Amino acid sequence: MYQSNSQKEPMSHKAKVYWAIGIVVVVLVAALLIWHNFFYGNQNAVAATVGDKEYSTTEVAYYYNTVANNYISQAQAHQQMGMDMGYDTSLSPAEQTYNAEDGTTYADYFLQQALDQLQQVTILCDAAEQEGYTLSDEGKQSVEDNMDALYTYSVQSGAGSEESYLRMVYGRNMTKSLFKDLLTDAILADEYAQVKSDSFTYTDEDLETYYQDNAATLDSYDYRYCYIYADLPQSTTDEEGNTVEPTEEETQAAMDAASAEANAMVAEVRSGTAFNTAAQNHVDEDTAASYEDEEYNHQADALGSSLSSTYQEWLTDDSRRSGDVTSIEMEGSGYCVVQFLGRERKEDSYQTLTYRNIEILAETTHNGEDDTDLPTEEQLSAAQEQAQALLDQWTTGEATADAFGALAQENSADETTRDNGGLNEDANRDSLTSALSDWLFADGRQVGDTTIVEATDASGNTIGYQILYVEGFGEVRWKYQAANALRSDDYSQWYEEVQANYPAELTEDGKNIPTQQA
């Protein structure tokens, strides 16, 4: 039997977002309060029913506020990055329309999402009980960590007490004991969802059958691409201060010019010019400099399912032959030139592997101007020299996994793996930084390979270096993806069958929850 081994991720620290299949429950939010929804109704009134279970207004309000605060925090984060989710964080959910066609507000949307999550948690907790599954030790510890964090968050928020903080975030009638019960259910539901999903296993014959029907999405593609953006006209202001939008003719002229550039590049490539050389003649100066690197925008191991929608259909067409090149319109922005180089089912391309790392952090100098502590070039150079010296020491010594682990225990700054010899088991390529995944999963990578890559902080600043060692390979990529797709289908089918026995409905008290605002 073939069974996927999910990546072994450590439980997160004080605050965690649980991602069960179809469930998103913010267990404990940060101290920055986003929006309050205080429910003043009868805390003991029945607000919703799920199957034969009844839930109070306080419980439903908890889910409602969880959904609302999570969504609004995302909207705020997008705004800080200059993006708009279409949600006005200065207004309450009830004051803005979510769907103009049916007249629903964001409050309606959040309430429905809350009911859906309540239904899923109920179903999964009941299923866990029926099968005798109980919360793992890690899950119990996470509950305790979150409860312990209440004090910190209450201080940061200025709420005055843990109970006050919970009421600020989840509603006036929330208590510590009820919060802990809801928290425990959320974590149990999340764990059981994964357990249930992992229970679906598949033979190699099953995976082969799935591949035959889905080869286009499971094969790996080798291709190059280049975006040629149109110089689209911008709106202007007339003498009276009115905004003048560009005409359709002006916009089309810009798109036509981009099309001409793209077609000229296609012609050059077809005549024998190297793709990246041709690209330099048809893009702006900064982008042209990037294409001086022969590997820039060259994808040698891209799974069909991960291809951009811009060129996925063209690349996955069975008629494609190596060297084919075309120009594809990107509506409203320009054209993309794509060259197909190859397609195959790779048996040596992996989704997971096991590696060891030794993290060497550079010393830092306090910067009084912007209050940051980042290493200087000299400090980074010293850290790189230290990393190289350790790698040289390993290379000239036993050069084994155990020897690498011993060096990690003595020298690594990575507290999560140091005591275990820098070991990272079943690392998933989709969960790693690009710096790690690009090297670890590169074509031709072999057990025993080593390198040194930059270590960066959350903002992308280089803070040191990591020495990497490949210890072993896990699951073949196409099999992993096929098993995940089959497992998702089987889980969905199981859930839908069970869901039919758990109808979820709001009472009038439940429907009124979004209208009870401070």
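Some ground rules come first. The model is predicted, so local features need pLDDT of at least 70 and side-chain atom pairs count only at pLDDT 80 or more, while totals for chains, interfaces and linings use all residues. Residues are numbered from 1 along each chain as its sequence is written, and side-chain values use heavy atoms, with hydrogens and water left out.

Overall, the protein has 16 helices and 19 strands; these are DSSP runs numbered from the N terminus, with helices (H or I) of at least four residues and strands (E) of at least two. Of its 518 residues, 44% are buried, meaning under 20% relative accessible area with a 1.4 Å probe and protein chains only (over 50% is exposed, in between is partly exposed). Among contacts with a separation of 6 or more, 71% join residues 24 or more positions apart, a contact being heavy atoms within 4.5 Å.

Now for the sheet. Four strands line up as S16-S13-S18-S17 in an open sheet with antiparallel pairing, where two strands pair if DSSP finds at least two bridges between them. At the edges sit S16 (423-428) and S17 (450-456), each pairing on one side only. From one strand to the next, the twist averages 40 degrees. S13 (residues 352-361) and S18 (residues 462-473) are joined by nine bridges in the antiparallel sense, and Leu361 has Gly464 in S18 as its bridge partner. Helix H13 (residues 401-411) lies across S13 and S18, at about 35 degrees to S13.

Elsewhere, H6 (residues 204-213) packs against H15 (residues 477-499) at an angle of about 90 degrees, with the axes 10 Å apart. Axes here are lines fitted to C-alpha atoms, for helices over the stretch in contact, and angles run from 0 to 180 degrees between N-to-C directions. The two helices, H6 and H15, are therefore roughly perpendicular, a label for 65 to 115 degrees (under 35 is roughly parallel, over 145 roughly antiparallel, the rest oblique). Residues making the contact include Leu207 and Tyr211 of H6 and Trp478 and Leu486 of H15. The contact residues comprise eight nonpolar, no polar and four charged; Ala, Val, Leu, Ile, Met, Phe, Trp, Tyr, Cys and Pro count as nonpolar, Asp, Glu, Lys and Arg as charged, and the others, Gly among them, as polar.

Finally, Ser164 is found in helix H4 (residues 162-170). Ser164 is buried, at 18% relative accessible area.
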